[in-house]
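Here's a quick briefing to read with the model open beside you. Have a look at the fold, then work through the points below.

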Amino acid sequence: MVSRPRALSLCTVFAACTEAAGSVVAPPTHAEPEPPATVAAPQPADANAPQPCAPPPPGMVCVPGGGAQLGAELRPEERPPHRVELSTFYIDQHEVTNARYVACVDAGACPRRPAPRPADRPFFAAELPATYVSWEMAHRYCVWAGKRLPTEAEWEKAARHGEEGRTYPWGEAEPDCSRAMFAGCGAATRPIGSYPATAFGLFDLAGNTSEWVADWAAPCYDGCRGACGAPCLGRD
């Protein structure tokens, strides 16, 4: 869980899809201008070392394996801060747009979203991140795209730049409307890529919308009733 400016509470969006290094991306069920590619990551000499990054599929960014600082002391559900080890993975550079989700619906792989109310129609513009999407809808989109939802640890490593454990994707500076879209910066979401990229070359990991990850929610990482415990700690 990463500390970030409050997202617009009107909507939920799923995070960019992910794939593990060395995996094969299944082709989508419709023609795309830039279809995902097969990735053959080189094998490291040390069997325990993370795989190095191979050229990523179109529209994806490689996040190299290794340590990541997760958690924080700010809120109970973020406690305790801890370090984990993750394998190399690839994650979409941008959030999934309404246009991409509609393509999945048209292909018969994703459920159609309810018709928006008049006040919600601005959120459904083609270039905006897909909103009003359940976890199951997000999961089905990623399967259709030949990918998967990122784990919370993968998403947080991508957002906080690994071992650095940044408070925000851009660093420690307080959020303002030049860095992210959040309450007070406008009435609707912004097109993907409207703000500067992170050090990994990713966009929109703070503000604009909330995002889905693969994991079930827990009240804390460790040390509370119902904690995630061992599955959230150590190595993936």
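Predicted model: local features only at pLDDT ≥ 70, side-chain atom pairs only at ≥ 80, totals over all residues.

Residues are numbered from 1 along each chain as its sequence is written, and side-chain values use heavy atoms, leaving out hydrogens and water.

**Confidence**

- The chain has a mean pLDDT of 83, with 81% of its residues at 70 or more (pLDDT is the predictor's confidence in each residue, from 0 to 100).
- Helix H1 (residues 98-106) has the highest confidence, at 98, while strand E1 (residues 18-20) has the lowest, at a mean of 68 (helices, H or I with at least four residues, and strands, E with at least two, are DSSP runs numbered from the N terminus).
- Residues 1-15 have pLDDT below 50, yet this stretch has 82 contacts in the model beyond near neighbours in sequence (a contact means heavy atoms within 4.5 Å).
- Residues 22-41 also stay under 50, and here the model has 40 contacts beyond four places in sequence.

**Around strand E5**

- In a regular strand the side chains alternate between the two faces of the sheet.
- E5 pairs with strand E2 (residues 60-63) in the antiparallel sense, over 4 bridges (two strands pair if DSSP finds at least two bridges between them).
- Tyr 90 in E5 has Cys 62 standing opposite.
- The loop between E5 and H1 holds Glu 95, which is buried at 4% relative accessible area.
- The side chain of Glu 95 makes a polar contact of 3.2 Å with that of Thr 209 (a polar contact is a pair of N or O atoms within 3.5 Å; within protein, one must be able to donate a hydrogen and the other to accept it, and residues adjacent in sequence count only if both atoms are side-chain atoms).

**Aromatic rings**

- The whole structure has 4 aromatic pairs (rings of Phe, Tyr and Trp, the last by its six-membered ring, pair if their centres lie within 6.5 Å; planes under 30 degrees apart are stacked, over 60 edge-to-face and the rest tilted).
- Phe 124 and Tyr 132 are stacked, at 5.5 Å centre to centre with 20° between the planes.
- Phe 124 is partly exposed at 21% relative accessibility, and Tyr 132 is partly exposed at 26%.
- One aromatic cluster brings together Tyr 101, Tyr 141 and Trp 144.

**Salt bridges**

- A search of the whole structure turns up 12 salt bridges (a side-chain nitrogen of Lys or Arg within 4 Å of a carboxyl oxygen of Asp or Glu).
- Glu 78 bridges to Arg 75, with the closest N and O atoms 2.8 Å apart; Glu 78 is buried at 1%, whereas Arg 75 is partly exposed at 36%.
- Arg 83 bridges to Glu 85, with the closest N and O atoms 2.7 Å apart; Arg 83 is partly exposed at 42%, and Glu 85 is partly exposed at 21%.
- Salt bridges link Arg 83, Glu 85, Glu 163 and Arg 235 into a network.
- Asp 176 bridges to Arg 179, with the closest N and O atoms 2.9 Å apart.

Terms used: Buried < 20%, exposed > 50% of the residue type's maximum accessible area, 1.4 Å probe, protein only.
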